[in-house]
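Hi everyone, thanks for making time for this one.

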Amino acid sequence: MKIKSNVHTHTTFCDGKNTVDEMVEEAVARGFDTIGFSGHSYTPFDTSYCMKDVEGYVAAVKAAKEKYRGKIDVLCGIEADFYGEFDQSLFDFVIGSVHYIKRDGEFYPIDESEKSFDYLLNNVFGGDFLSLAENYFSAVTQMAEKIKPDILGHFDLIAKFNDGNRFFDENDERYKKIALDAVDKIDEKIVFELNLGAMYKGYRLAPYPQRFVLDRLCELNRPLVISSDAHDKKTLGRYFDDMADYLKDVGFSYVKVMTKNGFKNKKIR
Ligand SMILES: [Zn+2]
Ligand SMILES: [Zn+2]
């Protein structure tokens, strides 16, 4: 069983390290049939990582689509932040993500660094992780309703720096309930992703979402799309096959794979 598609990838148009063509060439070399780009939507209050030249990005991906036609399908998507600005009509697909907590008119990054997460939890929320979790997962469900993305990005990003329960107890039943209530509120047309981003960066030993969330998704018969959230060409497909085995262990029999004609089911057992 081989997964040959990855649609959560970043380039030098946002905070990625490689160009569109470098990423496509790597995907071709790996025998992929599909690569989708998902540049970060413009967030005016934080321009440190997002796309400033969306027109240039769309043009570059379009050019790659033509250049590599017959070798690989290239899709032009966007990773739309809940608070970002973007024109949905320009894109083949949308990943919807929440990267900020908004509190009293201020935006606080969730995944920027351990230090900024520490500040968010302990200063902005006074150490009350349940209140932070309520705020975060409520933003996730609002984002899903507002943007109606094809893919829900890194569902529990709030746990990025929490390996070993460093900041809060992920086994706390109250935390689990907040997260699972959010799962239940998300339209079943929206596909959750199994996101390897924090694993590549060495923050987590397991992908997002956490296991208890996967168990619920499995119960609800909602297969996931595997994506690496690649910020460079090296991380384009590493661990993909292990992750299919991991999902099989949870109890899934299918994953979703994005193609130029939309999602297809792929059997993993
Ligand atoms: Zn993201
Ligand atoms: Zn991303």
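Let's start with helix 5: at 1.5 Å a residue its 13 residues should span 18 Å, and the end C-alpha atoms are 18 Å apart, which agrees. The expected span here is 1.5 Å times one less than the number of residues. Helices are DSSP runs of H or I with at least four residues, strands are runs of E with at least two, and both are numbered from the N terminus.

Some housekeeping before I go on. This is a predicted model, where local features need pLDDT of at least 70, side-chain atom pairs count only at pLDDT 80 or more, and totals for chains, interfaces and linings use all residues. Residues are numbered from 1 along each chain as its sequence is written, while chains are lettered from A and ligands numbered from 1 in the order in which they are written.

Back to helix 5, then. Which of its residues are buried? They are Tyr-175, Ile-178, Ala-179, Ala-182 and Val-183. By buried I mean that 20 or more other C-beta atoms lie within 10 Å of the residue's own; exposed is 12 or fewer, partly exposed is in between, and C-beta atoms are placed from the backbone.

What covers the buried side? Helix 4 (129-147) and helix 7 are among the elements that do. Helix 5 (173-185) packs against helix 7 (211-219) at an angle of about 35°, with the axes 10 Å apart. Axes are lines fitted to C-alpha atoms, for helices over the stretch in contact, and angles run from 0 to 180 degrees between N-to-C directions. From helix 5, the contact uses Lys-176, Ala-179, Leu-180 and Val-183; from helix 7, Phe-212, Val-213, Arg-216 and Leu-217. Contact means C-beta atoms, placed from the backbone, within 7 Å.

Now helix 8 (240-250), where Phe-240, Met-243, Ala-244 and Leu-247 are buried. Their arc around the axis is only 105°, which puts them on the same side of helix 8. Asp-242, Asp-245 and Asp-249 are exposed on the face turned away from it. The cover over the buried residues includes strand 8 (191-195), strand 9 and strand 10 (254-259). Just after helix 8, Gly-251 takes a positive phi of about 130°.

That brings me to the backbone. Most residues other than glycine have a negative phi, and most peptide bonds are trans. Asp-104 is not a glycine, yet its phi is positive, about 50°. You'll find Asp-104 in the loop between strand 5 (100-103) and strand 6, and it is exposed, with 5 other C-beta atoms within 10 Å. Asn-221 also has a positive phi, near 55°. Asn-221 belongs to the loop between helix 7 and strand 9 (225-227), and it is exposed, with 10 other C-beta atoms within 10 Å.

Finally, where is the cis peptide bond? It joins Tyr-208 and Pro-209, with omega about -10°. Pro-209 lies in the loop between helix 6 (197-200) and helix 7.

Definitions and conventions:
Two residues are in contact if their C-beta atoms, placed from the backbone, lie within 7 Å. The arc is that of the directions from the helix axis to the C-beta atoms.
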